[in-house]
Amino acid sequence: MEDKTWTVGRMLKWTTAYLTGKGDEHPRLSAEWLISTATGLTRVEIYMSFQRPLSTDELALMHDAVLRRGRGEPLQYVTGEMPFRHIILRCEKGVLIPRPETEILVDAALEGVDEAMKRGQVFDDIEPKLQAKEAEALRQREEAEAKIQAAQKEALEQGAEEPAHAEDQELLPLKPHKKLAPGPRVLEIGCGTGCIALSIASERPGTHVVTTDISEKAIALAERNRAALDLVDNVDIIQGDLASGVDPALMGTFAVLVSNPPYIPTSVLPTLPEEVIGFEPGLALDGGEDGLDVFRRLVPLGEEALLPGGMFTVELFEDALAPAAVYLKERGTWEGVEIREDLTHRPRVLVARKKA
């Protein structure tokens with residue numbers, strides 16, 4: 001009699017076949033990712049655990065996930081997370097999914113951070129926050145110790161040989177923070193999941209990143225990702241249109257302005273895969289007639305926000321990059337204007353530096 005137990009191996013085979021029939025471009029990869037999310041197994045462990053039966057809860061998770069993926073819902077929304085560079089991000093409906101191409105944009109922004117470091121355009125924004133937090137933790141610890149000592153004294157005075165539950169009152173040692181040297185300031189417009197801002201902050205720890213978004217959903221998700229990565233002191237997340245909510249005192253002090261704005265030309269939107277236009281927010285996609293509506297608003301912001309020599313870098317639609325480069329050159333306030341390709345050798349990122 002055939003064994004009908006749903007093992008990892010059987011689930012992988014069945015899910016791959018099901019998603020193939022639904023038109024998934026990478027059905028086996030999708031199946032691996034879904035099983036990994038449901039079981040907690042890594043992709044390597046999946047292939048070492050083919051005979052392992054799935055629990056009732058795991059089967060329920062797989063049933064829901066496979067149906068959602070079969071209907072075309074993006075894998076990142078189904079699993080709720082995705083890797084980006086060196087971090088893992090939560091993903092949710094209503095917030096743009098980070099693309100691998102955007103990692104090239106982060107590379108450019110980090111280059112601008114390093115250039116600012118060499119120029120000495122740095123500010124001691126983060127270390128005082130960490131010192132204040134450490135001082136507050138020490139104060140709270142001393143307060144807790146005093147309460148424990150008072151409770152122990154009272155118990156002894158009342159004749160107890162030893163205070164009850166004394167072992168539960170022991171305090172964990174404080175862990176001093178790693179001191180950070182002053183770093184540059186970076187302004188990002190359109191945080192989405194927080195992938196760009198959080199990557200910059202995690203890869204250049206002394207950098208103070210200010211990031212904004214007009215979407216409440218994006219702000220809330222970026223804040224959760226920031227907390228999960230312990231970058232609350234390094235990254236400020238502000239809701240508003242472009243830089244409307246940014247402290248005016250910071251204008252003119254940023255080393256980098258980076259953005260992955262809405263850039264798909266309106267006429268191109270209907271040609272995008274259903275997986276994109278059917279699930280991802282149009283607000284984060286539609287860049288207007290030529291894809292440059294938001295870009296043209298970012299340029300004067302960059303002229304105001306950046307330090308001399310500061311980098312302006314944006315991700316744009318491939319056919320819009322050449323006109324965007326011409327636009328920057330004609331303004332006369334930018335130099336070193338260049339277009340960079342992504343990993344598939346398509347034009348993807350525009351880079352320029354503010355003239356001194």
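**Entry 1: cysteines**

I looked up Cys191 and found its sulfur 8.9 Å from the closest cysteine sulfur, which belongs to Cys195; this is too far for a bond. I note that the model is a predicted one. A disulfide requires two cysteine sulfur atoms within 2.5 Å, so the distance from Cys191 to Cys195 rules that pair out as too far for a bond. I then checked the burial of Cys191 and recorded it as buried, at 2% relative accessibility.

I searched the structure for disulfides and found zero. Cys91 takes part in none, and the nearest cysteine sulfur to it, that of Cys195, lies 8.7 Å away. I recorded Cys91 as buried, with a relative accessible area of 3%.

**Entry 2: the largest nonpolar core**

I next asked which residues have the most contacts inside the largest nonpolar core. They are Leu187, Phe295, Leu301, Phe312, Leu316, Leu328 and Leu350, in a core of 39 residues. I traced the elements that each supply at least two residues of this core: the strands are S3 (185-189), S6 (254-259), S7 (306-315), S8 (334-341) and S9 (347-354), and the helices are H11 (293-305) and H12 (321-331). Helix H11 gives the largest share, six residues.

Notes: Residues numbered from 1 in each chain as written. Predicted model: local features only at pLDDT ≥ 70, side-chain atom pairs only at ≥ 80, totals over all residues. Heavy atoms only, no water. Buried < 20%, exposed > 50% of the residue type's maximum accessible area, 1.4 Å probe, protein only. Core = buried A, V, L, I, M, F, W, Y, C linked by side-chain atoms within 4.5 Å. Helix = DSSP H or I, 4+ residues; strand = E, 2+ residues; numbered from the N terminus.
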